[in-house]
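Morning, everyone. I'll take a few minutes on charged side chains. Here is the model.

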Amino acid sequence: MKRSLTAVLAAACLLIAGTAQADDSTAGLAFLKLGVGARAIAMGDAYVAVEGDVSSVYWNPAGIVAVDNIDVGLMHSEWFEGIRYEYAGAVRSLGEQAVGISVVGLYMDDLERREGPTATPIGHFGVFDFALTGSYARILTDELSVGASVKYLQEKIDDKTASGFGVDLGARYEIPVMDGLSAGVAVLNLGPQMKFIEDEFDLPVMYKAGAALDVPFESLKGDMLFAADVVKPASGDVKVHLGMEYEYQGMIALRFGYRSGWDNHNVSAGIGVKAGQFRLDYALVPFYSDLGETHRGSLGFTL
């Protein structure tokens with residue numbers, strides 16, 4: 001059954017209001033706030049200080065220097081009303097430096113085109129948001145790493161397109177007073193205004209600071225990871241994200257997260273499995289309105 005434009009745009013507005021970390025009415029490209037990687041999402045998006053993997057291209061580019069050799073990640077997200085969100089990325093270690101590349105896209109298709117309250121649509125169209133990101137990071141000292149990303153951004157509705165660019169900056173510090181303790185900061189989506197037809201809008205700038213603690217528990221035959229982020233949109237209220245992960249013998253992980261300040265959801269949960277060089281992760285994020293639940297699945301592997 002074809003979806004009406006009104007229904008889908010209403011769902012998209014709820015998606016933006018419920019999942020966006022910023023409540024800045026002048027900012028566009030809300031898909032840039034949705035997050036990537038089922039592990040990080042299950043942990044409540046508290047990931048700016050966590051030891052990096054391929055998804056750090058999104059959360060904090062400084063984290064990619066923790067990758068060994070090559071790390072590749074893919075993610076598929078199922079939203080309501082047929083909205084889909086996809087991610088693919090790769091990071092290559094260069095010793096004390098690292099480079100990464102990723103692409104994310106949010107799309108809705110088969111929307112009905114109408115010029116009035118008619119029973120039959122006059123055609124169909126789609127909506128597509130896209131970001132291509134290149135990242136670079138390096139180790140400055142034994143404890144400190146820094147990184148930066150440059151993004152090409154595009155938003156397309158039917159045959160109308162807006163394009164621009166943005167920049168992410170980040171740093172991660174391994175605090176020497178305690179093994180496994182780290183801190184991170186990042187500024188995401190810096191850049192000039194974009195213009196769609198005649199309307200100009202800002203990028204969804206976010207300022208993040210966080211800490212993470214990775215503790216081995218011999219009695220539990222595994223490790224516990226605790227993470228907390230404070231997020232400040234350029235124009236909006238401060239949000240707090242909390243995450244926890246228990247990993248059993250490096251093979252199976254259970255994850256939980258909590259986010260404050262969101263309209264339609266706050267909790268999340270997930271599971272991860274590692275087998276050799278492969279890892280499979282799943283995250284569930286329930287919504288409190290009638291929108292239902294969202295599911296994220298990630299596949300990662302090292303080379």
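Which residue forms a salt bridge with Lys 151? Asp 168 does, with the closest N and O atoms 3.1 Å apart. This pair links distant parts of the chain: Lys 151 sits in strand E5 (residues 144–157), Asp 168 in strand E6 (residues 160–174), 17 residues apart.

Ground rules next. This is a predicted model, where local features need pLDDT of at least 70 and side-chain atom pairs count only at pLDDT 80 or more, while totals for chains, interfaces and linings use all residues. Residues are numbered from 1 along each chain as its sequence is written, and side-chain values use heavy atoms, with hydrogens and water left out.

A salt bridge here means a side-chain nitrogen of Lys or Arg within 4 Å of a carboxyl oxygen of Asp or Glu. That rule gives 9 salt bridges. Helices (H or I, at least four residues) and strands (E, at least two) are DSSP runs, numbered from the N terminus.

Now burial. Buried is under 20% relative accessible area, exposed is over 50%, and partly exposed lies in between (1.4 Å probe, protein chains only). Lys 151 is buried at 6%. Asp 168 is buried at 0%.

Next pair: Asp 45 and Arg 259, 3.3 Å from N to O. Asp 45 is in the loop between helix H2 (38–42) and helix H3 (56–59), Arg 259 is in strand E13 (residues 252–259), and 214 residues separate them. Asp 45 is buried at 3%. Arg 259 is buried too, at 2%.

Then Arg 172 and Glu 174, with 3.2 Å between the closest N and O atoms. Arg 172 is buried at 9%, but Glu 174 is partly exposed at 36%.

Last, a network. Salt bridges link Arg 39, Asp 53, Glu 245, Arg 255 and Asp 281.
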